[in-house]
Each structure stands twice: as C-alpha cells, then as structure tokens.
Amino acid sequence: MTANPLLDASGVAKNYGAVAALRDASLSVLPGEVHALMGANGAGKSTLVKILTGAISANAGRILIRGEARDIRSPAAARRAGLLPVYQEPSLIPDLDVLSNLRLTGTPVEPFRAWVRELGIPDLDLRETARDIPLAVLRVLDLARALAVEPDVLLLDEMTAALPANLAEKVLDVVRRQGDAGRAVIFISHRFVEISALCDRATVLRDGATVGVVDIKPGVEEKIVELMLGTRVVKTHVAARTAAQKAAPAPARPRIAVRNLRVGTKLNDVSFDLADGEVAGVVALEGQGQDELFAALAGSIKPSGGTIEVDGQPAKFSHPIDAIRAGIAYVPGDRSEALAMQRSVRENIALPFSAALRNWGPIPMRRERATVLSAIQRLQIDTRAQGEVQRLSGGNQQKVTIARWIAADARTILCFDPTRGIDVGTKQEIYLLLRELAGHGKSVLFYTSELEEVQRVCDRVIVIFGGRLVDIFPVEEADEPALMRAAYGLPRGARADVGILADPSANPSDSTSANASDTPEAAP
Amino acid sequence: MSHFLRRQGWVTGLFALLIILFIVTKVIQPGYGSGDFGSLARAVLPYAFAVAAQTVVVIAGGIDLSVAAMMALTSVTAASMMAGASEEYALFVVPFVLAMGFVLGALNGVLIVVTRVPDIVVTLAMLFVLQGAALLVLGAPGGAAAEWLKAMISGTVPIPGLPDSVDAWVPKALLVLVVCLCVVWIPLRRSRLGLSIYAIGSSELAAFRSGVPVARTRIIAYALSGLFAAMGGLALTMSTGIGAPIPGPYLLASVAAVVLGGVALGGGKGGLLGPIVAVFVLRLVRTDLTLLAIDPNVTAIIEGLIMVAVVMFGAFITMRGRQ
Amino acid sequence: MSSTAITPAPVPLGRRIKRFMADRPLIPLIILLVILVVILQLLRPGIVNERWIANTIKFAIPLAILAGCQTMTMLTGGIDLSVGTVATMSAFIMATQVVNQDPAVAFLLAMMPAVLIGLVNGIGVGVFRVHPLIMTLGTSLIGTGCLQVYQRTVIASGAKIPDFLAWLGTGVTWGFPNALLLYVPLAGLIVFTLARTGFGRLLYAVGDNERATRLSGVRYWQVITALYITSSVLAGITGLLYIGLIKAPSLSLAEPLVLPSVAAAVIGGTSIFGGRGGYTGTIVGALILTVLTTLLTILQMPEGARRILFGLIVLFVTAAYLRIVEDK
C-alpha cells in the first residue's frame, strides 16, 4: 500500500444546474490492482467515469495521474494520459469495419489481433463492419482495442454484461492478469461474484460522494451493501398500513396478466399479475429490462413474445393509444419524455383529451378547466409558474405527468421511477397519492430505484435481474438489504457466512447463486 | 460481411441499371452514339459535383441545403470575373473560386458548430444569403468563360494507341469529372480525416469517445462540400459560357441521387461512386424520356416524381433502420 | 433544485429581458414596426398617409396568409416551401378556367391541386418521415412541372381575372382594403384554431415533444397530414387573392413570397424548432417585412441584398431564440 497511486482523484464535484451529480468523490488506484467502483443507482458512478475519461469536465476536484496533475478535457486527452475506458455500449463506429476503427483510434493491429485471440475469438475478420458483429463480440473487441495500446489505467464499465459465459470467463481472466504488469483496472460491476473473484479493493459511492474504500475479502459484501445504503440500512420499520391504505381484497380476475413476456434480448419470459387496488413494486438495477417491460405494457414497443391480458381479454398494443383505451397510462421516468416543456400546465394535463381525431374541434374550455383544476388540486401542484411546465420544479413537473392520467381517469398507472430527482416533500405526496389510487381500486405498477420507497408504497415487489423475473417479495420481507441482494441476483435468505464470495463451483450449496447471476450471460 | 456485400451490391445494381438504360436508349434511338454520350457527360457534370458536395455532408450525418445556391454564386463569380478578362486571368479565377467555395462551406460548418442551430436551418439561411449574393454579383445571366475552360469539357480525349472509335467514347467532361473527384476523394478516403467523417456520421457519441474531434471534422466536411459545389459552379460556367444567378434544380437532385446512390440520410454509410452512378442513371432517364418525344415539361414532372419517390423511400429505410 | 425556478430571487436584467421577449414577443415587434414607419416618414416626409397604409395592408395580407402556413407547420417543427407553387397553381388555374367555366367550378378546379399537394406533403412527412423541407421542395418542383404542362393546354384560350377577385384584391372601401373582408375572418379562424381547438393544441404539443404526444395517444401522421392539407388550402386561397392584386397570371406568381413568408413567421416569434409561437406575432412580422421592403426599395437596395438580409434574419433570430430557451 506504500506504492504511489497511478490515478488519484479527489474532491471531484459536478453540478448539472442546481443538481449535484457528484459532491465529493475520490478514487485512488494503485499500480497492479483491480479496483472496483460501486454504488447504487444514481450514486454518481457514471458521472465519475465520464469525468475521468474526459467526456465531461468536473466543476471541482483534482486528478493526478502518476502524481502529476492532469487536465482531462476530451477523450483524446484521457487517452494520452494513459486512461482508457471500455463503455457498456461499445464505442466502435458501427458503419466502419474493424480495421478502420483501429486506424481511427491509432491502435496497432498486431497487438490487437493477439488480444482478440487471447480473449477467445480465434477467427475475426478485420474487414467486417462493426454493425454486423454481435454485441457480445463487439464488447470484447472494444476491450481488445483498449488493451492493445497498453493503458496505465483501464476503466471497465459492466464489462461482462451481455457476454456469454465462456467469453466472460476469458475477459475476467485477462483483466486479472493486467495487474501483473503493474497496470491498474477500474472495474465497475453490479455482480458481487465477479468483484470478489477479481478485485483487490473497492471504492463505494453514495449520493455523489465516496463513502468508503474497502479491501475485498470474504464477507465484505454485507459491508458494501451497508455502505451503498448508508445509514438507512438500519432495518426500516415495516409500517402497518391503516385500514384505508390497505389494498382492497384482490378480485378473482387480475386487472393485467403478463405471461412469458419477451422483448428482444432485454426481457425474457416475464410473468406476473397486477390486481385492481394494489401497488406492485418493481425493483431492478439499471438496465435489467425494466424499461422494456414498462414500454411494452404502455404500447410504445411491441413485445417479441408472450401475452398481455387486460381484464381477461388478450391485448395487442401497436400504439400507446391502444393501451390508453384499455385504461393503462404510462408515467415515464424521464419527465422530459412526457411533457411538452414549453406549454402550460393545463395544456399538458389536458393533452390526452385532444388525441383522438373526433376531439380535434373546439375545446369545451369550461369543462376542461374544471377537470384540470380538480386534478391540480388533488395533486397540490404549485401553479405559480403554470405558463410553462419547464419553469416548474422537478417535483411539480412529475405531478403534472401523473395529474394528466388522473384527469383522464386511467384505471392502471405504470409509474417508472416517479420520485427520481425530486424533493422529499413531493416524494411523500406521491407515495400517498399512489396508495390513495390503490385505495380507490386502481392498480399501480411502480418501478423505483430507491429501495426504501418500496415498503412505504408497495403491496408486493417484483425483482428483475438480467431480463428475468427472479423473485416476488411480499412487502413484509422487502426490506432494503433483502431487496438489494435480490436486485444483485443473490438468492433470498443468503447470508454472508454462506459465502457468496466462496468459489461457486466448489460449493454445491451455493449453485443457486451462481445460476442467478449467470442467467443473463447464458442468454445471448 | 453481408453488409459489405449489400453495399457493394447496391452500386453493382446501379451499374447494371445504367447499362440497361444505355441499351434501352440504343433501342429507342439506334443512332445514339459517342457524340450523345459526350453531351450526356457534359450535362451530368454540374449534377455530379452537386451530388459529391451533398454526399460528403450526408456521410458526416448532416445535410446541405445551400448546395445549389453555392453553385450559383461560384458560377456567377467566375463568369463575371472572366468577362472581358484575358485567357490567362482565368488561371487565377479557378483557384480563387474554389477557395471561395471552400471558405463559404467552412462558414456553414462553423455556424452549425458555434450557433448550435440545426444544420438544416443554418444551410437554409445560407441558401438565402448565397442566393442574394449571387444576385448582387450578377443581376441577370451574363459574364463569360475563358475559351480554354470551355474547351476543357468539350470534345474527347485522344488516347494514343487506341482507335478513334474508342476515343470517341471518352469525352473530356467525363475525364474532368473523374480527375476532380478522385483528387479530393481518394486521399480523403484513405486518410484518418475521411474515417473521422464517416465516424461522426455513423455515431457521434462513439466517435467522440474514440477521440475524434467532432466539431473540427464537421466543419471540414462542410468545407469540402463547399469545394465540390464550387467545382459544380465552375462546371456550370464552363458548359454554358455564362453565369446564372438563379440556382438550378440541383438541391433536390443532389439529395435524390445521394439516396439512390446508397448513402443513408442518417450518415456514416456509402461512398461517392454510388451517387455519381445514380446521377448518370437519373440523367439518362431524362434523355430516354426526351428521345421518346415526351414533352420536356412532362419529363420534368416524371423526374420530380422519381426524385420524391426516391427520397421517400430513403427516409422510410432510415426510419426502419432506427427502429 | 425544486424551487430554483419559482423563487422570486432577483433575476439579472439580461435574463429578465430575455424572458420578457420570450413571453411577450408582440410588444417589441410592434415597437420595431413603429420605428420602421417613423424612419420611412423621415426619409420620405409625407409618404405615410391613408393610401399608403391601405396599400401596405393590401400587400401584407397575401404574405401574412402564407406566413400563417409557415407558422402552423413550424409549430410542429416543419416548414412548407410548396406554398408558393400551390398559390401560383391555384391562381393560374382560376384565371384560365374562368374563361370557359362557371366561377364556382373554376374555384373547385383551382383548389384541387392544393389539396392534392397538401396530401402528398402530409403523407411524405407524417408517414414516411421525409424532412418537410425536402418533401415540400420536391412537391413544389413537381407542381411547377405540372403547371408548365397545363399552361400549354390552355395557351389558346387566354386568361382573365374574375371581377370579384380583382375587387377583393385591389378594391378599397371607405379607406379599408376589401381584402380585409377575407382576411379578418381567416386570421380569426387561424388564431382560434391554434388557441382553442384540439387540433391547434396538438400542433404545439407535437412540435414541442413528439414522444410525449405519442405517449398521450396522439397519432403523429394524422396531425401532420391534416396540417399540410390545411396549409396547402390556405396557400391556394392566397393565390386567388394574389392574382386579384397582381392581375397578371404567370408561372412564378407567388414564388417571391415564399422566402419572406418564412422570415415573417420567424420574426413573429414562432420557433423553427416547433412548440412555440402564434399567429398574431406572424401578422406583425408580415407587416414589418412589407414596410421593410418599401424601405429597402426607397434606399434602392437591390433584390440580392434583400435576400441576404432575410437569410441573416432567419439565422440570427433562430440562434437568439436558442439562447433564450437554453438560458432557462
């Protein structure tokens, strides 16, 4: 530990407007180590990576490379400084062949070839266009391209996601050996199994700040989960709901029945029911297929397999209007996706009223005003700046997107992370509102990236990992640590001493854990 | 591999179409000979340069609506400078006009990068500005062209060792076209800059992450477009002997030929050969319609319909590709 | 972040001006118009009189209607460059058909190509997603070709301007141009459509955020097709009015109006990116451009300089608009 760090970043901060994506992040990587960078969704991992690789510039902080202060202004500058990233989406130019991609980045061809063979792809045609190469291979090529220039620090973002098991193994093998040459690897992953097998230390981020650096040793994952969750890990009291909040008794026929739903390679064989009067939570790490699940239910993308039944009737949605007619409304996570930002609160709420051709005529202004006003009051939207939605605060914007569907009296609301980036007060109001909707017999599907919300709002929790539904929790058992483990693909009830970190192959009792985390890899 | 074949297949198909059209032409008009081919090459010349100008920016993921106006401006500038001037003076005019096109094209790029106004709006505004400038240079068609310039594209190239009957099929205009395009295109295609142009059109994010200077590359792409447009303007002056301030129908034709030539409107794909062959195809269709004694105005309509259909088809393919 | 946008904290003057410009574009526009008129009066004392005003309005009206087409299409992030050709076609067909046909029949014949071109534009933009600029430029090229063919079939029969159109186009009653009889209801209708109908609301919403409208159940192609047909029909009506004003049918009758119509809408505060703007600003924009044209003519500014000026206006206003929006 006495060696000088290869990369030493400290006090890194980045603001987007008034929102602080990073407050005080630090990361110190020693020569020869594989260093894990961890953090829950929105903790600032991706922002830190972008800063280190020159994609964006920090507002504050100091980055030393081999003890020298460097100003990394562009990806090219990061390359020159010896810092090379491999992103989750391969950065090979899709319309150029592999050889041209190498020339573009000034990568020597022979070392590249050698690495490609090393990584388990013996027969690569360099003349092939990147677009025609399967995603998994492309990611390996991206890695090989980075390795070929022998960078001091290699930054791997979810390197093994979407890789078949055999390739993933080779990749991990190569990464492990990087350290031997005195180089360093920053390894970002959601998979404890990999991190334990590969990494020497881990830096944990929470809410834009580094909260701890731990040595990886057996049993440390409890500690990491704790760090990622912060003080909140103190087991949340399961609030017994009052009678009014309690879900109505489930009717015999579910409101929506999803069976074997499949969307491309992102979502596989997902089945569940949504009953009237319930709030069903969805918990997943970023990009595990939840986006596709919601989009398919909302009619914005067509599923490639499986069925959706609404009130017992099979439904085929080819346009969101079909889902809306079936009473299913979608509140997307990104508010800018749902709102006409330059228009007024009222127009935004009333937008669905004008959608159908027969409603293109004069607007019954008085009736519309009454409907909109009651929705505004119900959600207590701050209307001081109602002339333009973009002048509202994030919380109020989110309320407008929900108010739209309350005004339209939708029976089922799909809420995708509605509390992301909004203030605490509004969050509370949204929790109450969702419970209230359920109390009125509506059904809500609620994806959240903040695990603590689950027990406040949901009746049941669906956990998705790697495009598959891995568990359904009753709310009583859905405390944060349990959810966090499940979201990372760890089996329910696993304890540290069972040894997630133990070699899965050597421990037959742990095979479930290995399977759970291997599923996405097995599915190309 | 399949993609590679598909792309090359597209150009091969276009070549086949061109040959079929030549055969059709020969059937309609048995007397169709080398002289007619020469005039076809001359007619193609300005179109081909317009298409080259459009191709570069479309590959870089943009669009240039000011192509036709740029041609008009460079054409009238050349014509008015050469009016009453000596033959030697034209030796100065040609590089001057080319440089002007390059700089004005670069201005397009700079405006897009600096103002962050979408390319389509910037080049539309530039279309107005360049048109106005062309009118200021020459209020009405006029000016002149040096004789040697005019001679450069008329007649054929005598190639020693070949019989005249073969020579006759190598019009000078075709040679000028091939030389001008190759001088710019081949070194570009082989350079890192050329790769960068494809890269920013194919995926701006991936290009940025690969260390490509996106803004600079975009400006250069527009500058090259301006250069090609200036060549087109000179070609106009060379073939007509004058300059006309009102732009011809080169904008839509260039977009249509780019699409027909297998360059996706989204950017990043295709080459220069396809669009150039496409221009020949479109011109030959016109020739055939004329030979069939169809009213030239009807010919214009049919041509317009073909272009709109091609553009719609291209947009449809792009849309499908995105989904 | 929750309250940054609505706190009454002191806002820098520059930003206040920007916001004011964004909220009330009409007031600075009217001030600009008055300034231009004053300059005109100073350059040519006595030029501003009742006749001049009537004349200015007469020439501003066709421009204002075409600028209305641009306003509506620009609200959705589009543009309609075929309006010039459509106006010319309807004018030319009217003038030639009325020789042998009943005026009502001639009118229907004149409006037919307008509807057809609008439909093709709408399908091209809404279904095939061709960029509106390219699409409308293409249909306008085809339209011009058709008109040339048509011209040869009617070359023998000659043309005449129906008395009614001449009266409407050039007549003045009690100091008011008769064209206002057509224009005032038309402008009222456009303003009402944009502000108070479902269709108008969808135009704004589609231009502001197409994905949001899709999620709200709006079918894009329906809105766009209806829009481009409306735009074309308006352009056709403009053609009829314009032929009554110019009284000389030609194959490039309304073509010179296309560029100014785009500029008028942009000056009037309609964003070329869609989602923002309105017709009242456009009307003032059309008046400003008409006065500006007079001014440039008086200054003996050539046509070329005028075009350069229009181009620069479009570019600068768009860039400035982008800054205003980004500043928030």
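User: What mean pLDDT does chain B have, and which helix of chain B has the highest confidence?

Analyst: This is a predicted model, in which local features need pLDDT of at least 70 and side-chain atom pairs count only at pLDDT 80 or more, while totals for chains, interfaces and linings use all residues. Residues are numbered from 1 along each chain as its sequence is written, and chains are lettered from A and ligands numbered from 1 in the order in which they are written. Chain B averages a pLDDT (the predictor's confidence in each residue, from 0 to 100) of 85, and 96% of its residues score at least 70. Confidence in chain B is lowest in helix H7 (residues 164–167), with a mean of 72, and highest, at 93, in helix H11 (residues 214–240).

User: Which helix gives the most residues to the side of chain B that touches chain A?

Analyst: Contact here requires C-beta atoms, placed from the backbone, to lie within 7 Å; by that criterion 20 residues of chain B meet 20 residues of chain A. Helices are DSSP runs (H or I, at least four residues), numbered from the N terminus, and those giving two or more residues to this side of chain B are H1 (2–28), H9 (192–202) and H10 (204–209). With 6 residues, the one that gives the most is H9(B).

User: Are H4(C) and H5(C) roughly parallel or roughly antiparallel to each other?

Analyst: Axes are lines fitted to C-alpha atoms, for helices over the stretch in contact, with angles from 0 to 180 degrees between N-to-C directions. The axes of H4 (residues 83–97) and H5 (residues 103–126) of chain C come within 8 Å and cross at roughly 160°. Angles under 35 degrees count as roughly parallel, over 145 as roughly antiparallel, 65 to 115 as roughly perpendicular and the rest as oblique. H4(C) and H5(C) are therefore roughly antiparallel.

User: How far apart are the C-alpha centres of domain 1 and domain 2 of chain A?

Analyst: Domain bounds come from an automatic or database domain assignment, which for chain A gives domain 1 (7–233) and domain 2 (337–409). The distance between their C-alpha centres is 43 Å.

Conventions
Two residues are in contact if their C-beta atoms, placed from the backbone, lie within 7 Å.
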